[in-house]
Amino acid sequence: MNAEVGVVPEDLRYTTEHEWVRLEGNWARVGITKFAADRLSDVVYVELPEVGREVRFLEPFGVIESVKAASDLYAPLTGRVVEVNERLRSEPELVTQDPYGEGWMILIEPTDPSELDRLLDAAAYRRHIGEG
Amino acid sequence: MRDGRLSRTPLYAHHLRLQARMVAFGGWEMPLQYRGILAEHRAVRTSCGIFDISHLSKFWIRGPKALEDLDRLLANDPRRLLDGQALYTPLCNEAGGMVDDLLVLRFSEDRFLVVGNAARREVDLAWLRSHAASEVVDATEELVLLAVQGPASEAVLRPLVKVDLSGLPRHRFVPETAMAGVPATVSRTGYTGEDGFEVFCPWDRAPPVWEALQEAGAVPCGLGARDTLRLEAGYLLYGQDVDEHTTPLEAGLSWTVKLQGRRFIGSEALREQVKTGVRRRLGGLVLEGRTIARRGCPILRDGAPAGAVTSGTWGPWIERSLALGSLLPEHAEPGTPVTVRVRDRPVPAEVVALPFYRRGVERVR
């Protein structure tokens, strides 16, 4: 059995810093990949921006803290934050348990969807993490 | 590290088989975690965990002058020890700074086992050899050291040993008994804030002991959980919270400094510091919210510098963000409100009495 199958969903785009983004109509949902979540493993805190804040392409929008270290989170697209995953405040472990689902982080209203083309597709991300 | 290569314990293959994430620590390649730091931390607080801590350095001090030597070397008083008793003590230089912190086990008046930090092995060895008349033998790679920690430790060990451990008080040990059929010394000591034991056995005979402990239900734990457990318990880590420039009085270890009627290396400097007062003091901090302070974060009081964080983590059991910090003495009193700057953001915090946690004493939660 290949345990890694499904670890990099085909329908998402990725940053080299291990964030994923999924277009949902006019909005874009953002989280971190299973690859990154597995390496952090003990996530204890996710610092997210306020709703309404602007985030910029490949610039930090928040911080994820594991027991051992803090890591910046990078915005895959420029835009305005329209929603943040409030559940992560009390249940940061959702990031590890369900990185592509319940563990999402922010919802953005992108200002320049063409930035999407500058991100990695699933095949490129798989190569990036050495699983391609 | 020897000849630029990381050392491995005899349980290295076991760690890999358990899919441990390995990390370099003090010259050794050690397990950071197996299933996860939080799960391992919980196992130790609620049942029983086992740690391979064979990387710790071990030295035999042997000979008719062993006790005399240690009395001149240690800040704590080895003359208080009975056979089969262990002592936590700073090892100081002439200025009173800590060369290392040690656990000293008295087997007999002329035979002691000294346990120190892995990264200090060469320094300790040179220090002990240059200041002791006794024979000093590096037993680091002769003795495996396993920590069996948690409220269920005694029950886990019971079927594996012939001696009755129920009557063994904390800081006492049973020398040269057996565990799972392997010669072992079993000490009721630890670094987690829980009841627990530390087990020494011959280097090449560790696997059956480890396997027996695992079969008895002990959960393998790595250095990650060892660090979060020791921080909740308020224990300092040499090289992180203290170094050669920190005196035990500044480290909050006054209780281990026995000056009365004694002369040991550093005693004059420490006596002087008792009179003049410390320049800084290690204290506990609890931060608001879930932001974690890391080593080096500045501590402020009313906007003015008050110290710096030396260790910080999320306390998985007390569920608070906690830290140890080196503070100016006037800001080190429990109850003092301070601010910790984390990533250029001020996080409100409070100086608290240590430990944050100890079995039966959950001060902070």
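User: How do β14 and β19 of chain B pair?
Analyst: In this predicted model, strand β14 (residues 281-287) and strand β19 (residues 345-352) of chain B pair in the antiparallel sense, over four bridges. Two strands count as paired if DSSP finds at least two bridges between them. Strands (E, at least two residues) and helices (H or I, at least four) are DSSP runs numbered from the N terminus.

User: Which residue stands opposite Leu287(B)?
Analyst: Ala349(B), in β19(B).

User: What do the six strands close into?
Analyst: They form a barrel in chain B, in the order β14-β17-β16-β15-β18-β19, with antiparallel pairing. On average, neighbouring strands of this sheet are turned by 45° against each other, direction ignored.

User: Which helix packs on the sheet?
Analyst: Helix α7 (residues 223-232) of chain B, touching β16 (304-315) and β17 (320-327). The direction of α7 makes about 125° with that of β16(B). Axes are lines fitted to C-alpha atoms, for helices over the stretch in contact, and angles run from 0 to 180 degrees between N-to-C directions. Contact between two residues means C-beta atoms, placed from the backbone, within 7 Å.

User: New topic. Where is Pro355(B)?
Analyst: Pro355(B) is in the segment after β19 of chain B.

User: Where is Asp302(B), and is Asp302(B) buried or exposed?
Analyst: Asp302(B) is in the loop between β15 (298-301) and β16 of chain B. Asp302(B) is exposed, with 9 other C-beta atoms within 10 Å, while His171(B) is partly exposed, with 16. The cut-offs on that count are 20 or more for buried, 12 or fewer for exposed, and in between for partly exposed. Asp302(B) also has a positive phi, about 50°.

User: How are the residues numbered and the chains lettered?
Analyst: Residues run from 1 along each chain as its sequence is written, and chains are lettered from A and ligands numbered from 1 in the order written. Local features need pLDDT of at least 70, side-chain atom pairs count only at pLDDT 80 or more, and totals for chains, interfaces and linings use all residues.
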